[in-house]
Amino acid sequence: MDLCLRPWLIAICSSLCFSTATIAADMTASAINDRIKPIGNVHIEGTTPPIVAVAVPSRTSQAIYDQYCASCHNSGLMGAPKKGDADDWAARVSQGDAVLAEHAIKGFNAMPAKGTCMDCSDEEIVAVINYMIKPN
């Protein structure tokens, strides 16, 4: 039996040949570089690995507040000072910025460390505190 005469085999072979030709049709330097770029990095033990810059998207204080803080600080849940309520924040603010920051970063009473935003920097936490303290 001659397999080359089978119509379905010819159709499959033809479609493969045409699709491969279509993919490789773009021979610009950019297209070639995209096709041959490495998909990973190799680190050899005992050598210094290359420093790879990772772009971290900047977050606003409001975005962090909305994601991590609002559930407690909008309603005052478990004694949390409400956002923008000067009376709720007065006693805390009177302790000083350093104490306020330490409590928010390390956690205090029902407040979990960093309000559960474990990837937030200390500076972001302080910025969110300032965002919550300012009046609405």
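Modeller: A residue counts as buried when its relative accessible area is under 20%. The model under discussion is a predicted one.

Biologist: What share of the residues in the chain is buried?

Modeller: Of the 136 residues in the chain, 18% are buried. The chain exposes about 10300 Å², and carbon and sulfur atoms supply 63% of that area.

Biologist: How many helices and how many strands does the chain have?

Modeller: There are 6 helices and 0 strands. Read from the N terminus, the order of elements is α-α-α-α-α-α.

Biologist: And what part of the contacts comes from residues 24 or more positions apart?

Modeller: Among contacts in the chain with a separation of 6 or more, 45% join residues 24 or more positions apart.

Biologist: Where does A86 lie, and is A86 buried or exposed?

Modeller: A86 belongs to helix α4. Its relative accessible area is 57%, so A86 is exposed; the cut-off for that class is over 50%.

Biologist: Turning to pockets, how much space lies in the largest pocket?

Modeller: The largest pocket holds about 530 Å³ of space. It is lined by 25 residues, of which H73, A80, P81, F108 and M111 are the closest to its centre.

Biologist: Which helices supply at least two residues each to that lining?

Modeller: Those helices are α3 (61–73), α4 (86–94), α5 (97–106) and α6 (122–133). The largest share, 5 residues, comes from α3.

Biologist: What is the lining of the largest pocket like by class?

Modeller: The lining has 16 nonpolar, 8 polar and 1 charged residues.

Biologist: Back to H73, then. Why does H73 count as buried?

Modeller: H73 has a relative accessibility of 8%, and it therefore counts as buried, the limit being under 20%. The residue is part of helix α3.

Biologist: What does the side chain of H73 reach?

Modeller: The H73 side chain reaches the backbone oxygen of P81, at 2.6 Å. Leaving aside residues up to four places away in sequence, H73 touches Y65, A80, P81, K82, K83, W89, M111 and M132.

Biologist: Which residues line the largest cavity?

Modeller: The lining consists of I64, C69, A104, M111, K114, G115, C117, I125, V128, I129 and M132. Two or more of these residues come from each of α3 and α6, with α6 giving the most, 4 residues.

Biologist: What is the division of that lining by class?

Modeller: The lining of the largest cavity divides into 9 nonpolar, 1 polar and 1 charged residues.

Notes
Residues numbered from 1 in each chain as written. Predicted model: local features only at pLDDT ≥ 70, side-chain atom pairs only at ≥ 80, totals over all residues. Heavy atoms only, no water. 1 Å grid on protein atoms, 1.4 Å probe; cavity = no way out; pocket = protein on both sides within 12 Å on 5 of 7 lines; lining within 4 Å. Points joined across faces, edges and corners; volume = space filled by probe spheres on them. Nonpolar A, V, L, I, M, F, W, Y, C, P; charged D, E, K, R; others polar. Buried < 20%, exposed > 50% of the residue type's maximum accessible area, 1.4 Å probe, protein only. Polar contact = N/O pair within 3.5 Å; in protein donor to acceptor, adjacent residues only side chain to side chain. Contact = heavy atoms within 4.5 Å. Areas by Shrake-Rupley, 256 points an atom, 1.4 Å probe, with all protein chains shown as cover.
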